[in-house]
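Student: Please take me through the reading of a structure step by step, and start each step from the general idea before you turn to the case at hand.

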Amino acid sequence: LLEAGAGLGDLLDAGVEPEDLFAAALGDPFIDIDIVTATAIEYGLIAALIAVTQNGPGDPLQGVIISLVSLGVEAEELLDAGVSVGELVDAGFSTSDLLNAGADPDLFDCFGVFEGLAEEDCSGVCNGGSVIDECDVCGGDGSDDQGCGCFEDVHLVVMKHVVQQLK
């Protein structure tokens, strides 16, 4: 039917299974990928198209994603259709677009790099060098100027003393 000139929409309207149609269309070098993706958008079959590209022969997924994006499909809809965050990063989506679309923030480091290794130090600086010392002070030098084993809030010490006196 594809060779006979029937449109993809006509074939869907005639009852051809979307997965079969998309697999045949993506395998046909004479059918433009934008026509396939536009048909998927028009018929609300983006998830079916993504499933075919993820499970079929070859690797047309990246081209399909790029075509869908160029036709205005947002990151949230692609995530909902089963496209992975990594595939969307490869397609050029920004970290902020992906986070706004509901991507898991734990997939990004503090610089916003997908699967990056940078971490915040105890003071909240990305890739900073501050650590918690033996007195539980972030960025402290481990010194103990109050002689009580570690820093202790002076007001807290006074309040403890007052409470003890009242008992």
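Predicted model: local features only at pLDDT ≥ 70, side-chain atom pairs only at ≥ 80, totals over all residues.

Student: Which residue does C138 form a disulfide with, and how far apart are their sulfur atoms?

Tutor: In general, a disulfide is a covalent bond between the sulfur atoms of two cysteines. Here the partner of C138 is C122, and their sulfur atoms are 2.0 Å apart. The torsion about this S-S bond is 85°, which makes the link of C122 and C138 right-handed. Both cysteines lie in the loop between helix 8 and helix 9, so the pair ties together parts that are 16 residues apart in sequence. C122 is partly exposed, with a relative accessible area of 34%.

Student: How many disulfides does the count come to?

Tutor: The count comes to two disulfides. The other one to consider joins C110 to C126, with the sulfur atoms 1.9 Å apart. It links distant parts of the chain, since both C110 and C126 sit in the loop between helix 8 (95–100) and helix 9 (154–166), 16 residues apart. The torsion about the S-S bond of C110 and C126 is about 75°, so this disulfide is right-handed. C110 is partly exposed at a relative accessible area of 31%.

Student: What is the pairing when the bonded cysteines are numbered in sequence order?

Tutor: With the bonded cysteines of the protein chain numbered in that way, the pairing reads 1-3, 2-4.

Student: Is D109 buried or exposed, and where does it lie?

Tutor: D109 lies in the loop between helix 8 and helix 9, and D109 is buried, because its relative accessible area of 12% is under 20%. To read such a residue, look next at what its side chain reaches. The side chain of D109 reaches the backbone nitrogen of V113 at 2.9 Å, and a polar atom of that side chain lies 3.4 Å from the backbone nitrogen of L117. Once its neighbours within four places in sequence are left aside, D109 is in contact with G116, L117 and A118.

Student: What does the side chain of D133 reach?

Tutor: The side chain of D133 reaches the backbone nitrogen of V137 at 2.9 Å. D133 is found in the loop between helix 8 and helix 9 and is buried, with a relative accessible area of 9%. Beyond its neighbours within four places in sequence, D133 is in contact with G140, D141 and G142.

Student: At what angle do helix 3 and helix 5 pack?

Tutor: For a helix pair, one reads the angle, the distance, the handedness and the residues that meet. Helix 3 (residues 33–42) and helix 5 (residues 61–70) pack at an angle of about 65°, with their axes 9 Å apart, and helix 3 passes helix 5 in a right-handed crossing. On the side of helix 3, I33, D34, T37 and I41 meet G63, V64, S67, L68 and S70 in helix 5. The residues of this contact divide into four nonpolar, four polar and one charged.

Student: How many helices and strands does the protein chain have?

Tutor: The secondary structure comes to nine helices and zero strands. Buried residues make up 29% of the 167 residues in the protein chain. Of the contacts with a separation of 6 or more, 34% are between residues 24 or more positions apart.

Conventions: Residues numbered from 1 in each chain as written. Heavy atoms only, no water. Disulfide = S-S within 2.5 Å. Helix = DSSP H or I, 4+ residues; strand = E, 2+ residues; numbered from the N terminus. Buried < 20%, exposed > 50% of the residue type's maximum accessible area, 1.4 Å probe, protein only. Polar contact = N/O pair within 3.5 Å; in protein donor to acceptor, adjacent residues only side chain to side chain. Contact = heavy atoms within 4.5 Å. Axes fitted to C-alpha atoms, helices over the stretch in contact; angles between N-to-C directions. Left-handed = near helix turned anticlockwise from the far one by under 90°. Nonpolar A, V, L, I, M, F, W, Y, C, P; charged D, E, K, R; others polar.
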